Amino acid sequence: MSLKENLTEAFKELIVKVATGIPEDVYEYINKAYETEENPLAKAQFEAILKDMKLACMRTKPICQDTGTPYLFLEVGDDFPLKSGIIDTFKEALRYVTKKMGILRPNAVDPIYAKNSGDNTGRFIPWVHTDLVPGNELKVNLMFKGGGSEAPSTLVMSPPLKGWKTLKETIIKTVANAGPLPCPPLIVGIAVAAGADMALTLAKRAVLRPIGKRHPDPKVARMEEELLNALNKLEVGPHGFGGRFSVLDVKFEYAYRHPATFAIGVITSCWATRRGSMTVKPDGSYLITSKHLVHEGDNCVVR
Amino acid sequence: MCCEVIEMSEPKIYRLKTPLSNDDIEKLRVGNIVYITGTIVTARDEAHEKILETLEEGKNLPINLNGLALYHCGPVARKRPDGSWEIVAAGPTTSMRMESVEAEFIEKTGVKMIIGKGGMGDNTTEAMKRFKAVYAVFTGGAGALAAEAIKKVKDVYWLEDLGIPEAMWVFEVENFGPLIVTIDTTGKNYYKERMEEVMKRAEKIVKELEKKPFPF
């Protein structure tokens, strides 16, 4: 098979895995929440969520009917033989999984002509971020981001002197105001940067980092922990039913800022955070590097 | 402190069959868990509009909604080789988008239960008290779990015009749930009270956080 054919197959496998198999970290944290939560209504929600994850895995069905907007975060090696072909290949795989397999709901809508493309591709969709890196491999991070959980996402351009004060207030009020709507418990990405777009992009990218894995900078890591503890005191809980788990984690990222700006981006991601990653070699052989809840025999296992 | 009691006591569980009677509905209270067996009908934004337009013109709806449960849902559906429909995933959508028309909808159609996610507002709460209906939430995002309880697609209307997610689907369901009642016929709106409580907590938490010297 040619590299393009191999890559198409790789993308199909990754897309199906991400849409139907909850990532290992999310599965473990929801299990932990279910086991430790004492509020009966919140516990009932976690029980339903765990059943849903297992059914999605057993039946190769989407975890949520909102199969989201596709985001690609690529690291393209200098010597990886494909460049624009990577995106074409991904689109082909996306069309196949949407139209031939019926696993993804068509979610790409033209706002000008009010038409759904029917295959999840469209102008600027998938949304792609590319980093150019040394080497000959391609690294792919794929995220399907739900619409409802994107709605509360916030941008605040703060005066720099008030930056940190504004940041604390923004993240707490964003999660509190959203209440049950974005399907908590959430993963919250937050970023500080020079530009508005930078802050939101970095906040979204931060959601890729697994739950429980702290930022490598100890100062940033400590802020993540403080914000996580503070948010869980809100007692929004799963779908607004209270209890100890309003957020699963907080992920902080930053770029250098401009002396006159302090852009704060907040991205909310639902309990059904769907993301996965793989590495592709120049000959098209690939390895899915993220672990998911997958079907094996009569069971679902994390693999 | 109503809500503390509701949260910590074991929730009451009801198993109901459609058509739902006023007696079925009036015994339900916020915090109760319900499983439904029978017929539920989906409608999102556009189907709501279409249903109300049809009634406005004095015409009959393709299905009588009296006593049934309405589900705010845009499913993922695919056709089997024999032409029948398979519901792949069918979790709830955000109910608040329908708030502006739901009171009229309840009055004119006679639905007894509305299922969605995220809660609804004062107009719907008022209409539910007047016309005896309840609002219950299905776990948001749990699309595969919802699909599992849907045993059959009985009908689908306006598919051509509205497309799969917006069409009006008629599902035969078995033990569809858990549904948690958050608006009952006494005028109680669980989420409204809960979210006021959360906002108060938010003020306090922001003040506590302000004392922390970010970045450390």
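The paragraphs below take the domains, then the interface, then the pockets. The model is a predicted one.

On the side of domain 1 of chain A, Tyr29(A), Lys145(A) and Arg275(A) provide 25% of the area buried against domain 2, more than any other three residues.

Charged pairs also occur between the domains. Side chains of opposite charge can pair when their charged atoms come close. Between domain 1 and domain 2 of chain A the count is two salt bridges. Lys145(A) also forms a salt bridge with Glu150(A), and the closest N and O atoms of this pair are 2.7 Å apart.

The next step is from chain A to chain B. Their contact involves 50 residues of chain A and 54 residues of chain B. In chain A, the residues that lose the most area to chain B are Leu41(A), Gln65(A) and Lys168(A), which together make up 15% of what that side buries. The area buried between the two chains is about 4,600 Å², with 66% of it given by carbon and sulfur atoms.

Lys165(A) pairs with Glu210(B) in a salt bridge whose closest N and O atoms are 3.7 Å apart. Another salt bridge joins Arg201(B) and Glu235(A), with the closest N and O atoms 3.7 Å apart. This pair crosses between chains: Arg201(B) sits in helix α8 (residues 190-210) of chain B, and Glu235(A) is in the loop between α8 (218-232) and β8 (247-254) of chain A.

The largest pocket holds about 970 Å³ of space. Its lining has 36 residues, and those nearest the centre are Pro106(A), Asn107(A), Val109(A), Asn116(A) and Pro165(B). Elements of both chains each supply at least two residues of this lining: β1 (69-77), α4 (84-100), β3 (115-116) and α5 (147-150) of chain A, and β4 (76-79) and α7 (159-166) of chain B. The largest share of the lining of the largest pocket is eight residues, from α7(B). Sorted by class, this lining consists of 13 nonpolar, 10 polar and 13 charged residues.

The second largest pocket has a volume of about 740 Å³. Of the 30 residues that line it, Asn141(A), Leu208(A), Arg209(A), Pro210(A) and Ser277(A) lie nearest the centre. Domain 1 and domain 2 of chain A each give at least three residues to the lining of the second largest pocket. Among the elements of chain A that each supply at least two residues to it are α2 (24-36), β5 (138-145) and α7 (196-206). The largest share, five residues, comes from β10(A). By class, the lining of the second largest pocket has 11 nonpolar, eight polar and 11 charged residues.

Methods: Residues are numbered from 1 along each chain as its sequence is written. Chains are lettered from A and ligands numbered from 1 in the order in which they are written. This is a predicted model: local features need pLDDT of at least 70, side-chain atom pairs count only at pLDDT 80 or more; totals for chains, interfaces and linings use all residues. Side-chain values use heavy atoms; hydrogens and water are left out. On a 1 Å grid over the protein atoms alone, a cavity is a set of points where a 1.4 Å probe fits but cannot get out, and a pocket is an open set with protein on both sides within 12 Å along at least five of seven lines; lining residues have an atom within 4 Å of a point. Grid points are joined across faces, edges and corners, and a volume is the space filled by probe spheres set on the points. Helices (H or I, at least four residues) and strands (E, at least two) are DSSP runs, numbered from the N terminus. Ala, Val, Leu, Ile, Met, Phe, Trp, Tyr, Cys and Pro count as nonpolar, Asp, Glu, Lys and Arg as charged, and the others, Gly among them, as polar. Domain bounds come from an automatic or database domain assignment. Contact means heavy atoms within 4.5 Å. Buried area is the accessible area (1.4 Å probe) that two parts lose on being put together, summed over both. A salt bridge is a side-chain nitrogen of Lys or Arg within 4 Å of a carboxyl oxygen of Asp or Glu.
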